[in-house]
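Me: I would like to go through the labels attached to this chain and ask what each one rests on.

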Amino acid sequence: MGGVAAVRNAGPTLAAVGIAFGNEPAVLGALAAVLLSGLAAALPIAAVLSRRRGCSTT
């Protein structure tokens, strides 16, 4: 859940960057790629951590 927190506010971030850089597609595309790569990295990490937590023998 914490891994998705940075990506869920992508709308306001993209709007602010779009305004600041005059809606330049290259800048908006680069920011979207960074946000998507963060999400893509967070999902496998969350899966590994949840698997490790589920294997408790207590």
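Me: How confident is the predictor in the chain and its elements, going by pLDDT?

Reply: The mean pLDDT of the chain is 77, with 76% of the residues at 70 or more. Where pLDDT is low, predicted coordinates should not be read in detail.

Me: How much of the chain counts as buried, and how much surface is accessible?

Reply: Of the 58 residues, 12% count as buried. The accessible surface is about 4500 Å², and carbon and sulfur atoms account for 70% of that area.

Me: Why are the buried residues of H2 said to line one face?

Reply: The buried residues of H2, which spans residues 10–20, are Ala10, Val17 and Gly18. Viewed down the helix axis, the buried residues of H2 fall within an arc of 105 degrees, so they line one face. Pro12, Ile19 and Ala20 are exposed on the other side of H2.

Me: Why is Ala15 called partly exposed?

Reply: Ala15 belongs to helix H2. Its relative accessibility is 42%, and the label covers values between the 20% and 50% cut-offs. The value lies in that range, so Ala15 counts as partly exposed.

Me: How far apart are the C-alpha atoms of Ala15 and Leu28?

Reply: These two C-alpha atoms are separated by 9.1 Å, with the residues 13 places apart along the chain.

Me: Why is Asn23 called exposed?

Reply: Asn23 has a relative accessible area of 54%. Exposed requires over 50%, so Asn23 qualifies. The residue sits in the loop between H2 and helix H3 (25–54). Neighbours within four places in sequence aside, Asn23 is in contact with Gly18 and Leu28.

Me: What makes the backbone of Asn23 worth a remark?

Reply: Asn23 has a positive phi of about 55 degrees although it is not a glycine. Most residues other than glycine have a negative phi.

Key
Residues numbered from 1 in each chain as written. Predicted model: local features only at pLDDT ≥ 70, side-chain atom pairs only at ≥ 80, totals over all residues. Heavy atoms only, no water. Buried < 20%, exposed > 50% of the residue type's maximum accessible area, 1.4 Å probe, protein only. Helix = DSSP H or I, 4+ residues; strand = E, 2+ residues; numbered from the N terminus. Arc of directions from axis to C-beta. Areas by Shrake-Rupley, 256 points an atom, 1.4 Å probe, with all protein chains shown as cover. pLDDT = per-residue confidence, 0-100. Contact = heavy atoms within 4.5 Å.
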